[in-house]
Amino acid sequence: MKRERKAVFAINWMEVEALTQARHDNPHHILGIHECIDDVYVNVYIPDAKVVKIKDLTGNKLYNLVSDRVPGFFSICIKDKKEFEYEVRAKMNDGKERRFIDPYTFEPVIDPIDISKFNEGIHYEIYKKLGSHTMTVDGVEGTLFAVWAPNADRVSVVGNFNGWDGRVHPMRKLDYSGIFELFIPGDLSEEIYKYEIRSKSGEVFMKSDPYGFSSEVRPANATRVVSLDHTWKDSAWIKNRDESEASVASKPMNIYEVHLGSWKRPEDGREFYNYKEIAPRLSAYMKEAGYNYVELMPIMEHPYDPSWGYQVTGYYAPTSRYGKPSDFMAFVDHMHSEGIGVIIDWVPAHFPKDEHGLGRFDGTDLYESSDPLRREHPHWGTLIFDYSKNEVRNFLVANALYWADMYHVDGIRMDAVASMLYLDYGRQGGEWRPNEFGGNENLEAIAFIKELNTVMKEKFPGVLMIAEESTAWPMLTHSVKDGGLGFDLKWNMGWMNDFLSYMKLDPLYRKYNHNDLTFSMVYAYSENFVLVLSHDEVVHEKCSMIGKMPGGYEDKFSNLRTAYGFMMTHPGKKLLFMGQEFAVMKEFNESSELDWSLFEFDAHSFLFDYVKDLNKLYMTEPALSELDTDPSGFKWIAMNSANESIISFERRGKSEEDTLLIVCNFTPIVHKNYKLAVPTAGKWKEIFSSDNPKYGGDGNNNKVVKQSKAGKVDDRKNYVSITVPGLSISVFKKR
């Protein structure tokens, strides 16, 4: 066992006093074993100990330590002793006995290279060093605790194993790092702990571990010592994913957005399903419905349920609401076995002020900025990360890589990107500080995003980086080397806002807002987009999707079928929030499961069947995804029929025979003998119609193949005469 041995030694009683008052930042300097010429001193500090002995592990001899000056501080000088390994045996004032290997005999575990890389902000596996890690050091099993708290006077590990007493396990501050570490021998697996921190002002408080892998179930918030153990079975999935990442743009991507705690709940009285329990239920449902990606609202640890996970306190910990880290690993593994990719929402923009969290972590503005004009988010009452600090940036970059590395996630959707990019986001004049060039761009946040997206592509090329960004910041999905931010995809918030505004209108008034329907194609290829109808649109009195639709009961369903049909045939990847596929009537509520009883009603069951078939159409027709990011994959047929509120367009694949013709009618008026221009003469068959009776439609769909006729329509030489049902979408393909 390699133990720390100091040179010529004499007890410094001022150090002992600092130790007993829990304000020593280098307890190894006084505690443990120390050489003194030909002898050794052994010093032990155990508050509330009555008798302390040490047992020589090589000679089995017991030595009595003496405490004659400071209660709890025991010492002995052993003559003519060079090599010495020992076990501490303490009899406490309450009569109990403690036996342990002395933590203060071990040399530092985190080496200078780790420290240097972390200080530079480039230690992309820092999560393997900081936090709590069960390991064997010099043949002794135990747990390494390490935390960055550069401005603290003292940091201690506290937990049930030491009575939450900060005097028992003070940590050593490593030189030139701001990192405190302590290796504690013994089995601490599944133990809960926090860091007790003494600030320079003398304030003493406790914090959860920023790098902790697991937490207690809320409202408790201590960190738990766990190992990230799982035997992965998805090597073929990962290999295929990483090798084919360049072609993601040409593949169908149909995302089902889920809040795990309220998708479905157990019937046995428990609050939530475990990650492993819900995985087969969710995957089976998604496969039936035709989704190939699940996007999870944040599953990082968070204290407040109604935040839905967007106010994170444990960035490295899957929330314990649904089980252990190994359970979430099993969730991802199962999804991969069923052909479903896993995307997680991630919040590097801000964090809450909860007492146990990152805010003023070491008694100073550490993770957040100390500048009052950049410190807090004015809308959300949260703190903003200080991206100018190397160690803070390293914390975030490594965190994203951690989810790809340790949990095999296939995508990370970055929340609230606009709030990161703009220094004046949500602020009035005088409430924000310009950058060094006088602009409103957050240069440090931009550099952080570029670094993250670059490193992610280098290390995990198949992991998609997705931006939720609500402005028109240019080149988000362009490569960093070409001057972009390096995201793979961007949520199309403009399309979502325009389209929902349009769909809410009474069909009588839609003709006056026709531009809201067509404008998205003006910028459709400026970025790689995901069309989203997300959770944000079905909360805060915005109504569910069916609730947004105008008209009576049946009209609402007709409108919703048309809306979904247009979305699925419009260029861009797709995302729909859970429950909207069968028209839940209520807004999203995290405290209860989806209203599955609605399947007892035909209209809701029919809509689910419609969405299922629509998803199948999207997943199987190459024209709907192969040229998603290529302007040649889309062409208007008729876009100016505002009075009729009808649009028609082509979607094209790489093969001409895959071409689809789409007709959308956003009014309830049926148009018979409607002339639809076609690109080539021949027979055209309607392969999909939202007006099919099996979906709840009126059956005005085109039941026979249409032979084209010669004649100029919409600047084309041929057309077919079709029926356009009211409030419908129809899809035609050449036979």
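Predicted model: local features only at pLDDT ≥ 70, side-chain atom pairs only at ≥ 80, totals over all residues.
Strand β31 (residues 660-665) pairs with β37 in the antiparallel sense, over 6 bridges. Antiparallel pairing also joins β37 to strand β33 (residues 683-689), here over 5 bridges. Val731 of β37 takes part in both pairings: Val731 is the bridge partner of Ile662, and Phe688 stands opposite Val731 as well. Strands of a sheet pair through backbone hydrogen bonds, in either a parallel or an antiparallel arrangement.

Elsewhere in the chain, an open sheet is formed by 4 strands in the order β4-β3-β6-β7, with antiparallel pairing. Its edges are β4 (62-64) and β7 (97-101), each of which pairs on one side only. From one strand to the next, the twist averages 25 degrees. Within this sheet, β3 (residues 49-56) and β6 (residues 86-92) pair in the antiparallel sense over 7 bridges. In that pairing, Ala49 stands opposite Met92 of β6.

Leu508 is located in the loop between α10 (493-504) and α11 (514-518). With a relative accessible area of 53%, Leu508 is classed as exposed because the cut-off for that class is over 50%.

Terms used
Residues numbered from 1 in each chain as written. Heavy atoms only, no water. Helix = DSSP H or I, 4+ residues; strand = E, 2+ residues; numbered from the N terminus. Buried < 20%, exposed > 50% of the residue type's maximum accessible area, 1.4 Å probe, protein only. Pairing = 2+ DSSP bridges. Axes fitted to C-alpha atoms, helices over the stretch in contact; angles between N-to-C directions.
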